[in-house]
Amino acid sequence: MTKRDVSTDGSAIEGSAPNGLQQFLKELGPGIITGAADDDPSGISTYSVAGASFGYATLWTALLSFPLMAAVQFMCAKLGMVTGCGLASVIRNRYPRWVLWLSCSLVIIANIFNIGADLGGMADAMQMMTGIHSYYWTPLFAAGIVALLFWTSYRLMARIFKWLTLVLFAYIITAFLAHPDWRTVAHSTFVPHIEWSKAYIAVLVAILGTTISPYLFFWQAAQEVEEDRAHGKITVAQRKGSTNAEIRSARIDVVTGMLLSNVVMYFLILTTAATLNAHGHKDIETAKQAAEALRPLAGGGAYWLFTLGMIGTGMLAVPVLAGSCAYAVAEGARWRAASLNLKPQLARKFYGIIGVSIAVGLALDFAHLNAVKMLFWSAILNGLLAPPLVVMVVLLTSDRKVMGDRTNTVGMKCLGWTCALIMTAAAIGLIVSSM
């Protein structure tokens with residue numbers, strides 16, 4: 001059952017609990033969408049750079065990042081469920097305003113760069129498929145995403161996003177078409193390899209930044225609130241609190257989403273290592289170069305799957321990036337009309353932030369910046385911004401004044417602090433290696 005299919009005492013509503021696979025799929029919602037959005041064109045680019053530059057050497061990071069990102073995203077989900085508010089609202093209530101607006105501003109800046117980079121990556125992919133210049137595709141993608149966000153209901157949009165997650169399996173299939181050296185793959189997966197070089201540390205920070213991205217913290221908490229709003233819980237008082245069944249349902253949703261995200265990350269690194277790196281293509285400059293290098297090495301099937309995946313994940317990620325900007329500003333400014341459940345005419349400022357975010361991202365794309373480099377460096381920016389936000393999330397979800405008796409367990413606290421420490425160490429390592 002989903003967390004919406006339980007009564008206030010935690011018991012199941014009669015006839016609402018399907019069995020087996022159907023029940024599991026019904027559990028999936030905000031968490032699976034968040035996990036899929038994590039593998040956006042920025043992530044695809046980052047993993048391609050990692051695999052092309054260092055071969056299988058970074059495969060072990062998938063095992064490291066999965067428990068850390070699952071823990072942080074579950075904290076964000078639980079924060080939204082228990083408080084009935086988004087992350088920015090809770091920060092506003094517990095910390096000084098400068099902390100709130102500094103956090104929101106940094107996330108918005110990173111998101112806008114990500115939007116521009118993702119739109120550019122999608123347009124490059126369409127150019128490869130159609131031969132029509134990416135210059136024409138970028139505004140079409142931007143307009144289509146704006147139309148989706150402005151003129152569909154939250155329920156329809158959530159359903160579309162949920163099915164779009166299937167595009168990620170393209171990258172898993174591509175990995176098997178690449179015929180990797182499975183013995184080397186196994187060794188690199190379970191035996192960590194670390195190099196003290198600027199290039200390797202930059203890739204490590206980018207991997208952590210694109211898997212544990214600040215914008216996903218805001219989006220996850222906000223979507224838990226949206227789920228409640230979609231089921232008639234309009235006020236904060238109505239949304240506050242959660243049952244054990246609701247928490248279990250959210251945990252299944254989040255863990256599944258984060259597992260999907262990390263599996264795709266793993267196979268993307270594996271694919272580019274087995275093809276690009278193995279054949280000397282270690283410097284990836286454009287999305288077109290990355291995909292077209294696969295065609296003679298792994299076949300036309302791998303080329304088409306890689307390219308289609310770039311488009312599908314972009315269609316999923318750009319709305320999440322723009323939406324998280326709007327949630328951060330609206331919650332921080334205490335706007336009452338701030339929800340994807342509302343029509344644009346009823347939440348003009350909220351939808352205005354979405355439109356402006358996409359428009360500025362589009363403008364960046366027309367500044368003729370290299371799409372893959374912008375994608376990669378936006379991931380590094382996220383890696384530098386994430387540690388302080390992770391600390392804030394751990395502190396908030398460990399605070400009884402915020403969470404009541406739903407505070408973090410000792411294990412969750414350990415995972416949260418470990419995440420913050422590892423990401424901080426990686427960021428410091430990048431700064432030191434750059435001096």
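Modeller: The second largest pocket holds about 750 Å³ of space. A pocket here is an open set of points on a 1 Å grid over the protein atoms alone, where a 1.4 Å probe fits, with protein on both sides within 12 Å along at least five of seven lines; lining residues have an atom within 4 Å of a point. The volume is the space filled by probe spheres set on the points, which are joined across faces, edges and corners.

The model is predicted: local features need pLDDT of at least 70 and side-chain atom pairs count only at pLDDT 80 or more, whereas totals for chains, interfaces and linings use all residues. Residues are numbered from 1 along each chain as its sequence is written, and side-chain values use heavy atoms, with hydrogens and water left out.

The lining of this pocket comprises 31 residues, and Gly84, Cys85, Arg229, Val236 and Arg239 lie nearest the centre. Two or more lining residues come from each of helix H4 (61-83), H5, helix H12 (214-230), helix H13 (236-239), helix H16 (300-333) and H19. Helices are DSSP runs of H or I with at least four residues, numbered from the N terminus. H5 gives the largest share of the lining, five residues. By class, 14 lining residues are nonpolar, eight polar and nine charged; Ala, Val, Leu, Ile, Met, Phe, Trp, Tyr, Cys and Pro count as nonpolar, Asp, Glu, Lys and Arg as charged, and the others, Gly among them, as polar.

The structure holds one salt bridge, defined as a side-chain nitrogen of Lys or Arg within 4 Å of a carboxyl oxygen of Asp or Glu. Arg94 and Asp399 form this bridge, at 2.7 Å from N to O. Arg94 lies in helix H5 (residues 87-94) and Asp399 in the loop between helix H18 (371-397) and helix H19 (400-403), so the pair ties together parts that are 305 residues apart in sequence. Arg94 is partly exposed at 37% relative accessibility, while Asp399 is buried at 18%; buried means under 20% relative accessible area, exposed over 50%, and partly exposed in between, with a 1.4 Å probe and protein chains only.

Phe54 and Tyr200 make an edge-to-face pair, 5.0 Å centre to centre with 85° between the planes. This pair links distant parts of the chain, with Phe54 in helix H3 (residues 41-54) and Tyr200 in helix H11, 146 residues apart. Both Phe54 and Tyr200 are buried. Trp137 and Phe141 form a tilted pair, at 6.3 Å and 35°. These two residues are four apart in helix H7 (residues 134-151), and therefore about one helical turn separates them. Trp137 and Phe141 are both buried.

Key:
Rings of Phe, Tyr and Trp (its six-membered ring) pair if their centres lie within 6.5 Å; planes under 30 degrees apart count as stacked, over 60 as edge-to-face and the rest as tilted.
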